[in-house]
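Please consider the following briefing on the strands, sheets and nonpolar core of one protein model.

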Amino acid sequence: MKKAASFLVVVAVMGLASFLASAYDPSPLQDFCVAIDEPKNAVFVNGKFCKNPNLTVDVDFFYHGLNIPGNTNNLVGSNVNLVNVDMLRGLNTLGISIARIDYAPYGENPPHIHPRASEILSVLEGTLYVGFVTSNPDNRLFSKVLNKGDIFVFPFGLIHFQFNIGHTPAVAIAALTSQNPGVITIANATFGSNPPINPDVLVKAFQLDLKEVERLQAIF
């Protein structure tokens, strides 16, 4: 009887430990979600409100268009067509999204991060030089030249990029581990913020002269 009681105590403690180990706050699905005491003034939840299942239809889980090439006639020579929860409502709560990325010859998807996702990239056409950089203090670069059929993984929240080193257009498909992964393009965020970052901050951070910082802020 005593052994049975001891066994039950052990099981109860293990169960409690398991519960505590698996309990955690949900990851944010937007940049911020400020708490509010009055529900009637609330306009967002962490994610999207759920549709009544009885009103759900097949098109809620369907998207058409990833076969269409994106317009790469821009400064970086690439186009990202991201299918997230805003484009495909059935993705809500599933923790996934997908993107088609088109690259002009020598075009790039410039250094950026996804604040809420890891990414796996598969090359459909062309040759890409891709890579990511680890966090401080190592800042180690992991890079690879990918050809058709090759796959590369970009870990959660790390700066990464893709560059088309071929003479012809390239296409890739990326899967991401969030319904709303977000994207922060390093150059755009740094030199194109609204309102602008004080140029003195960027002069010090990048060891550039003031005129060069102001030139970059004018571009972005």
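Two strands are taken to pair if DSSP finds at least two bridges between them. Strands are DSSP runs (E, at least two residues), numbered from the N terminus. The model is predicted: local features need pLDDT of at least 70 and side-chain atom pairs count only at pLDDT 80 or more, while totals for chains, interfaces and linings use all residues. Residues are numbered from 1 along each chain as its sequence is written, and side-chain values use heavy atoms, with hydrogens and water left out.

**Sheet with β1 and β7 at its edges**
- The order β1-β2-β9-β4-β7 describes an open sheet of five strands with antiparallel pairing.
- β1 (78-83) and β7 (151-154) are the edge strands, and each pairs on one side only.
- β1 and β2 (residues 97-103) run antiparallel and are joined by six bridges; S78 has Y103 in β2 as its bridge partner.

**Sheet with β6 and β10 at its edges**
- Five strands in the order β6-β5-β8-β3-β10 form an open sheet, and the pairing is antiparallel.
- β6 (141-146) and β10 (184-185) each have a single partner strand, so one side of each is left without a neighbour in the sheet.
- Strand β3 (residues 108-113) runs antiparallel to β10, with two bridges between them; the partner of I113 in β10 is I184.

**Nonpolar core**
- A nonpolar core is a set of buried (under 20% relative accessible area, 1.4 Å probe, protein chains only) Ala, Val, Leu, Ile, Met, Phe, Trp, Tyr and Cys residues joined through side-chain atoms within 4.5 Å.
- The largest such core has 14 residues, and those with the most contacts inside it include Y103, L128 and F152.
- At least two residues of this core come from each of β2, β4 (119-125), β5 (128-133), β7 and β9 (170-176).

Conventions: Helices (H or I, at least four residues) and strands (E, at least two) are DSSP runs, numbered from the N terminus. Buried means under 20% relative accessible area, exposed over 50%, partly exposed in between (1.4 Å probe, protein chains only).
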